[in-house]
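Let's take a walk through this one together, starting with a sheet and ending with a pair of helices. Keep the 3D view open as you read.

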Amino acid sequence: MSGGIDTGDTAWMLIATALVLLMTPALGLFYAGLVRSKNVLNTFMMSIAAIAVATITWAAVGYSLAFDGDGALIGGLGNAFMQGVDFAPREGTTIPELVFFAFQATFCIITTALISGAVVERMRFAPFLVFSALWSVLVYAVLAHWAFGGGWLIAGGTLDFAGGVPVEMASGFSALAAALVVGARKDYGRQALLPHNAVFVLLGAGLLWFGWFGFNGGSGFSTGQGSVLAFTNTLLCPAATLVVWFGLDLMRGRKVTAIGAATAIIVGCVLITPAGGYVSPGWAMLLGALGAIPSYGIIVWRTRTRVDETLDVLAAHGTAGFFGILFIGFFAQEAWNGVSDGLFYGNAAQLWDQVLAVLAAPAYAFVATFVLLKVIGAVMPLRATDREEAMGMDVVQHGEEAYVTGEGAILLLPDDHEKVAVPVADPG
Amino acid sequence: MKLVIGIVRPEQANQVLEALYRAEVRGFSMSRVQGHGGEMDRVETYRGTTVQMGLSEKMRFEVAVSDDFVDKTVQALCEGGRTGEVGDGKIFVVPLDHAVRIRTGDSDEGAVTPVSK
């Protein structure tokens with residue numbers, strides 16, 4: 001390998017990239033369990049679609065806009081269509097830029113997939129594909145540039161280890177905007193719309209947690225101390241969130257719920273995402289414990305409103321990302337991260353840098369997503385008709401069902417397609 | 001006494017329930033059934049295999065009522081179940097010989113009239 005490449009770091013980053021890619025199907029499973037059985041495939045397919053679309057847009061322009069150069073607001077087009085992305089080490093790392101590109105691509109993919117949680121069960125598939133393509137460039141790449149790629153936030157000193165800004169707050173606040181533009185499901189607030197398979201939800205959350213070790217542990221781009229700290233904090237913080245969530249569930253309903261636990265795993269992982277490599281293991285556990293409370297509160301509050309942000313992306317990702325970014329401003333510790341102290345260790349300036357991020361990122365994500373969906377909505381209908389919504393998006397959008405029995409299905413041979421005459425009663 | 005059987009679309013089941021509650025019909029059972037009523041519009045493809053779905057998911061309501069309640073029940077089933085498209089389902093009203101409430105042993109009219117405590 002060429003100079004400056006570390007084989008150990010590269011080996012770990014190859015694995016971490018695959019771990020993060022697994023998170024998107026895991027998210028699909030998590031989301032699929034949370035919807036009704038007639039919308040399972042459509043919900044899962046939105047995550048799969050994000051892998052397809054966001055990978056292509058990332059290779060075309062997204063990566064370049066995020067990581068080429070250090071413009072304040074946006075990167076350049078020097079790496080468009082992967083020009084110059086090769087075996088040479090990415091600046092500031094000891095891994096080939098190809099690996100760095102792929103690792104960052106998986107972040108863009110999962111973030112795009114996350115937003116689908118706000119619009120499942122009624123948004124049409126075609127406009128979601130268009131939205132994914134445009135959002136991954138216009139929102140994700142821009143915020144990734146601000147926080148990771150040399151933009152004004154990272155240049156100003158904002159600390160964001162693995163994506164509190166471009167992944168968590170971006171998806172959470174975009175989800176809120178998407179829910180407002182697309183509108184509530186027709187039966188929302190009138191009928192109980194319940195998760196159809198809690199086991200999928202738990203398994204999806206478990207697989208997400210597994211993948212998150214690559215997400216946070218890989219965000220140091222090495223096997224160095226930051227990565228090791230973030231890796232271990234990814235175990236500690238969600239465990240603390242789970243325990244506190246159990247307590248909140250007990251206080252509220254006298255029972256610990258399974259879907260609550262799955263949600264807590266996600267919230268805990270999100271909380272530690274920005275802070276992973278910057279806070280000590282002890283503070284990581286405190287972060288997990290305290291951070292459970294605002295997300296829990298937002299979930300309880302949101303379901304009482306008319307806002308059908310269906311799978312609570314705002315509570316799980318937006319709120320927890322917001323909290324995690326701010327937490328760094330208080331409890332970052334140079335003794336652990338080698339970069340900067342927070343307010344608690346005498347550096348108030350760090351808190352200010354973090355406050356800038358929690359003001360700017362949600363505002364940009366919300367406004368940009370709102371406008372983007374309004375524009376797409378002007379060109380094509382965003383949502384299915386009430387009738388289609390009632391039938392379920394699986395049959396309407398994909399012509400398949402998740403739990404088909406095959407009973408009474410008549411096999412159509414290729415030349416049968418035109419004459420649909422089958423020996424049955426004709427209603428007309 | 002009659003047994004009213006209503007077979008409706010699953011997606012209308014909640015509307016039917018609401019209509020039945022509004023009509024103060026309180027005792028009924030509901031089950032998932034698969035049926036065929038002439039509609040053949042659902043074509044699905046699984047990899048290379050294209051199939052036409054001959055059976056559709058339906059919800060079957062069974063309501064045992066005293067004679068006074070027959071019209072109200074039928075009306076509620078129609079109101080809740082109708083979309084106007086092929087596949088809305090059917091209602092059958094059949095005579096009922098005998099009914100018993102297991103808990104008390106009440107029979108016939110007494111068994112199909114809801115207890116008001």
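How many bridges join strand β1 (residues 2–8) of chain B to strand β5 (residues 56–65) of chain B? Keep in mind that this is a predicted model. The count is seven, and the two strands run antiparallel. To get your bearings on this pair, find B:I5, which sits opposite B:E62 in β5(B).

Now zoom out to the rest of the sheet. In general, strands of a sheet pair through backbone hydrogen bonds, either parallel or antiparallel. Here, four strands of chain B make an open sheet, ordered β2-β5-β1-β6, with antiparallel pairing. At the edges you'll find β2 (29–35) and β6 (89–95) of chain B; each has a single partner strand, so one side of each is left without a neighbour in the sheet. Going from one strand to the next, the twist averages 20°.

Something also lies across this sheet. Helix α2 of chain B, residues 70–81, lies across β1, β5 and β6 of chain B. Its direction is at about 5° to β1(B).

Over to chain A for the helices. Two packed helices are described by the angle between their axes and the distance between the axes. For helix α9 (residues 258–275) and helix α11 (residues 313–331) of chain A, the angle is about 35° and the axes are 7 Å apart. The crossing of α9(A) past α11(A) is right-handed. On the α9(A) side, the contact residues include A:I266, A:V267 and A:V270, while those in α11(A) include A:A320, A:G321 and A:F323. What kinds of residues make up this contact? They divide into 13 nonpolar, five polar and no charged.

Notes
Residues are numbered from 1 along each chain as its sequence is written. Chains are lettered from A and ligands numbered from 1 in the order in which they are written. This is a predicted model: local features need pLDDT of at least 70, side-chain atom pairs count only at pLDDT 80 or more; totals for chains, interfaces and linings use all residues. Two strands pair if DSSP finds at least two bridges between them. Axes are lines fitted to C-alpha atoms, for helices over the stretch in contact, and angles run from 0 to 180 degrees between N-to-C directions. Two residues are in contact if their C-beta atoms, placed from the backbone, lie within 7 Å. A crossing is left-handed if the near helix is turned anticlockwise from the far one by less than a right angle, and right-handed if clockwise. Ala, Val, Leu, Ile, Met, Phe, Trp, Tyr, Cys and Pro count as nonpolar, Asp, Glu, Lys and Arg as charged, and the others, Gly among them, as polar.
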